[in-house]
Each structure stands twice: as structure tokens, then as C-alpha cells.
Amino acid sequence: MSSEQHTLAILNALAEVLTCPHCDTRLRFGDWECPHCGKDLDDTLRRWAAHLLDRLNALPH
């Protein structure tokens with residue numbers, strides 16, 4: 001596995017713009033609740049993390 005490929009995949013994932021599924025407010029790194037409407041973001045963050053793991057697991061071994 002190329003650690004450079006994994007590093008780039010992680011950096012690209014961190015550059016993605018996440019928004020609140022309720023009010024579409026742009027989220028900041030570290031937000032667990034929407035700063036605008038207060039909605040819990042646990043499900044949104046779990047989906048993002050699962051997608052990142054899928055991308056990392058799809059990289060060549």
C-alpha cells in the first residue's frame with residue numbers, strides 16, 4: 001500500500017465541503033452539531049467516515 005496514496009485520499013476527504021442535511025449550512029471541521037440550526041451531525045459524519053474508509057480500502061494493496 002502506498003502511504004502517499006492514502007495520505008492524498010485523506011487530505012482530499014478533509015477538503016470536501018460538508019453541509020447540514022437540515023438547513024444546508026456549511027460545516028466546519030470539528031462541528032458535531034450544526035452551528036446554525038443545532039441539528040446533531042452524528043449520522044452525517046458517520047456516512048462521511050464510512051465513505052472515506054471505502055475509498056481507502058479501494059486503493060491498491
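Predicted model: local features only at pLDDT ≥ 70, side-chain atom pairs only at ≥ 80, totals over all residues.
Let me begin with helix α1, which covers residues 3-15. Three residues of α1 are buried: His6, Ala9 and Ala13. Viewed down the axis of α1, these buried residues fall within an arc of 60°, so they line one face of the helix. An α-helix has 3.6 residues a turn, so residues three or four places apart point the same way. What do the buried residues of α1 pack against? They pack against α2. The face of α1 turned away from its buried side carries Ser3, Asn12 and Ala15, which are exposed.

I turn now to helix α2, residues 42-58. At 1.5 Å a residue, its 17 residues should span 24 Å, and the distance between its end C-alpha atoms, 24 Å, agrees with that. The buried residues here are Thr44, Leu45, Trp48, Leu52 and Leu56. They cover an arc of only 110° around the axis, which puts them on the same side of α2. Their cover includes α1. On the face of α2 turned away from the buried side we find the exposed residues Asp43, Arg46, Arg47, Asp54, Asn57 and Ala58.

Setting aside residues up to four places away in sequence, Thr44 touches Thr19 and Pro21. Arg47, by contrast, counts as exposed because its relative accessibility is 52%, where the cut-off for exposed is over 50%. The C-alpha atoms of Arg47 and His6 are separated by 19 Å, and the two residues lie 41 places apart along the chain.

Next, the salt bridges. How many does a search of the whole structure find? The search finds 3. In one of them, Arg55 pairs with Glu16, and the closest N and O atoms are 2.7 Å apart. This pair links distant parts of the chain, since Arg55 belongs to helix α2 and Glu16 to the loop between α1 and α2, 39 residues apart. Both partners are partly exposed, Arg55 at 26% relative accessible area and Glu16 at 32%.

Another salt bridge joins Arg46 and Asp42, with the closest N and O atoms 2.9 Å apart. Both residues lie in helix α2, 4 residues apart, or about one turn of the helix. Arg46 is exposed at 57%, whereas Asp42 is partly exposed at 25%.

There is also a salt bridge between the side chains of Asp31 and Arg28, at 3.2 Å from N to O. Leaving aside neighbours within four places in sequence, Asp31 is in contact with Leu41 and Leu45. Of these, Leu45 is among the buried residues of α2. Asp31 and Asp42 are 9.7 Å apart, C-alpha to C-alpha, and 11 residues apart in sequence.

Finally, the surface. Leu8, Ile10, Leu11, Leu14 and Phe29 make a nonpolar surface patch of about 540 Å². Phe29 is found in the loop between α1 and α2, and its relative accessibility of 81% is why it counts as exposed.

Definitions and conventions:
Residues numbered from 1 in each chain as written. Heavy atoms only, no water. Helix = DSSP H or I, 4+ residues; strand = E, 2+ residues; numbered from the N terminus. Expected span 1.5 Å × (residues − 1). Buried < 20%, exposed > 50% of the residue type's maximum accessible area, 1.4 Å probe, protein only. Arc of directions from axis to C-beta. Contact = heavy atoms within 4.5 Å. Patch = residues over 30% accessible without salt bridge, like charges linked within 9 Å, V, L, I, M, F, W, Y side chains within 5 Å. Areas by Shrake-Rupley, 256 points an atom, 1.4 Å probe, with all protein chains shown as cover. Salt bridge = Lys/Arg side-chain N within 4 Å of Asp/Glu carboxyl O.
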